[in-house]
Amino acid sequence: MEFIEHQQELTVLVENILGEAKQQGADQAEVSVSMEQGLGVSVRKGELENLEFNQDRGFGITLYVGKRKGSASTTDSSEAAIRETVAAAMGIAKHTEEDPYSGLAEAGLMPTEPVDLDLYHPWGIEPEQAAAIAIECEAAGLAVDAKLTNSDGAQISSQQALRVYGNSHGFIGAYPSTRHSMSCVLIGEDNKGMQRDYWYTLGRHWHSLEAAAAVGAKAGERTVQRLSPRKAPTGKYPVVLAPNLAAGLIGHLNGAISGGAQYRRASFLLDALDQQVLPNWLSVREEPLMLGGLASAYFDGDGVTTKNNCFVENGRLASYILSTYSARKLGLATTGNAGGVHNLHLNGPQIPYDELLAQMGTGLLITELMGQGVNGVTGDYSRGASGFWVEDGEILYPVAEFTLAGNLRDMLRNVVALGDDVDVRSSIRAPSMLLESMTVAGQ
């Protein structure tokens with residue numbers, strides 16, 4: 001059976017589970033069934049190192065008896081297992097405290113018809129072909145420079161997924177999706193020691209992946225650039241965050257303005273609605289119905305129809321990121337974000353990357369952050385970092401083993417400019433970002 005043909009089977013399974021929940025006395029119920037299938041190949045030093053096929057499926061059920069909630073999950077979809085899993089959820093529900101905010105989202109918030117978001121593009125690649133592409137990728141990387149003496153390998157992954165969600169309002173929604181990736185990790189060495197770096201490409205459609213040779217070459221170039229790092233000078237300097245790190249900074253903003261952090265009173269942006277959280281030229285918007293997007297979805301984890309949202313408008317916090325439950329706790333309306341954000345964009349003027357470095361003048365280009373020194377309640381931020389020292393807009397030499405410190409509230413408000421190099425490989429689509437200044441502890 002073709003993978004996509006399992007969709008009808010999973011839809012029937014959801015209907016059966018909902019029927020069983022009703023029969024056992026649940027007032028409301030919701031079911032999420034997922035199935036994944038894929039291929040993973042890794043090579044190292046020109047030889048096949050690992051070949052993996054995966055196929056997983058499972059379902060989770062949440063049901064409500066009055067305002068009491070119970071959840072259970074299993075990978076076994078036999079009739080007996082369904083009965084047992086529903087009974088287990090019922091048993092939990094009967095012993096939990098009543099919660100006035102629990103229950104399904106309102107029926108009127110569910111989609112009335114499916115939306116094709118162009119997320120499903122299977123890659124009929126054979127293991128031998130995947131291994132050959134990975135070997136080509138690694139070889140292109142090692143050929144960049146004689147200082148590239150070793151490899152942590154190249155990998156190719158091709159995954160298909162099916163998700164079906166249904167609830168006792170009568171809504172059942174489904175969408176199939178694919179995700180393909182290729183990556184390469186290389187090790188360089190000179191008389192100052194060894195360094196490692198990587199590059200990867202990711203997409204819904206295998207046609208959209210960067211060429212194998214380009215991925216390897218980029219990994220090689222990035223590794224060579226990191227050799228012979230110096231210590232960064234201690235002081236306060238402007239910094240440019242690479243796109244993936246800029247996305248991480250916006251991820252901390254998301255965490256702080258999530259409904260869960262707000263109602264738990266555990267956020268450095270507590271009760272910050274209508275407050276300035278970013279510079280007034282910058283907005284943060286969500287586009288869940290973007291065709292082919294890595295985080296596109298027409299309904300969220302509660303079955304609620306997704307829609308375009310503006311969380312930060314001209315620097316001002318316009319909305320929290322809310323699920324049905326967190327919205328009820330805060331006396332607000334859901335934003336359709338149970339399960340997270342969908343294709344977040346930073347809307348503001350962008351300048352060419354070279355101009356961004358020139359605008360910084362002298363400071364640090366940060367390409368890697370390490371450690372967990374981020375306090376989401378106070379906003380205090382202190383992490384190990386590495387990157388490059390920049391003077392007069394020119395990258396001079398690599399730097400490593402220093403600490404970058406500040407406060408998230410200040411970091412977000414002190415964004416000075418954005419580059420034009422948006423990284424589309426995550427749910428937060430961010431470019432390089434120039435921050436006014438951070439404290440550097442180096443030499």
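**Figure 1. A charge over the ring of tyrosine 200.** In this predicted model, the ring of tyrosine 200 has the charged end of arginine 425 sitting over it, at 3.9 Å from the ring centre. Tyrosine 200 itself is partly exposed, its relative accessible area being 24%.

**Figure 2. A stacked pair, tyrosine 198 and tyrosine 200.** A pair of aromatic rings is described by how far apart the centres are and by the angle of the planes. When the whole structure is searched, 11 aromatic pairs are found. In one of them the ring centres of tyrosine 198 and tyrosine 200 are 6.4 Å apart and the planes stand at 20°, so this pair is stacked. Tyrosine 198 counts as partly exposed, at 33% relative accessibility, and tyrosine 200 is likewise partly exposed, at 24%.

**Figure 3. An edge-to-face pair between two strands.** Tyrosine 237 and tryptophan 389 form an edge-to-face aromatic pair, with 5.2 Å from centre to centre and 90° between the planes. The pair links distant parts of the chain, since tyrosine 237 belongs to strand E7 (residues 235-241) and tryptophan 389 to strand E14 (residues 380-391), 152 residues apart. Tyrosine 237 counts as buried at 18% relative accessibility, and tryptophan 389 is buried with a relative accessible area of 4%.

**Figure 4. An aromatic cluster.** Five residues are shown together here, and Tyr165, Phe171, Tyr175, Tyr298 and Phe299 form one aromatic cluster.

**Figure 5. Cysteine 137 and cysteine 184.** A disulfide is a covalent bond between the sulfur atoms of two cysteines. The count of disulfides in this model comes to 0. For cysteine 137, the closest cysteine sulfur is that of cysteine 184, and because the two sulfurs are 4.4 Å apart, they are too far from each other for a bond, the cut-off being 2.5 Å. Cysteine 137 counts as buried, at 0% relative accessibility. Cysteine 310 also counts as buried, at 18% relative accessibility.

**Figure 6. The buried side of helix H8.** Helix H8 covers residues 353-360, and its buried residues are Leu356, Leu357 and Met360. These residues cover an arc of only 95° around the axis, so they lie on the same side of H8. An α-helix has 3.6 residues a turn, and therefore residues three or four places apart point the same way. After H8 comes glycine 361, which has a positive phi, near 75°.

**Figure 7. The surroundings of glutamate 52.** Glutamate 52 lies in strand E2 (residues 47-65) and is partly exposed, with a relative accessible area of 45%. When neighbours within four places in sequence are left aside, glutamate 52 is in contact with Gly38, Leu39 and Gly40. Proline 127 is 75 residues away from glutamate 52 in sequence, while the C-alpha atoms of the two are 9.2 Å apart in space.

**Figure 8. The whole chain, as a setting for the close-ups.** The secondary structure of the protein chain comes to 9 helices and 18 strands, and the C-alpha trace spans about 70 × 55 × 35 Å along its principal axes. Among contacts with a separation of 6 or more, 71% are accounted for by residues 24 or more positions apart.

Conventions: Residues are numbered from 1 along each chain as its sequence is written. This is a predicted model: local features need pLDDT of at least 70, side-chain atom pairs count only at pLDDT 80 or more; totals for chains, interfaces and linings use all residues. Side-chain values use heavy atoms; hydrogens and water are left out. Rings of Phe, Tyr and Trp (its six-membered ring) pair if their centres lie within 6.5 Å; planes under 30 degrees apart count as stacked, over 60 as edge-to-face and the rest as tilted. Buried means under 20% relative accessible area, exposed over 50%, partly exposed in between (1.4 Å probe, protein chains only). Helices (H or I, at least four residues) and strands (E, at least two) are DSSP runs, numbered from the N terminus. A charge sits over a ring if NZ of Lys or CZ of Arg is within 6 Å of the ring centre and within 35 degrees of the ring normal. The arc is that of the directions from the helix axis to the C-beta atoms. Contact means heavy atoms within 4.5 Å.
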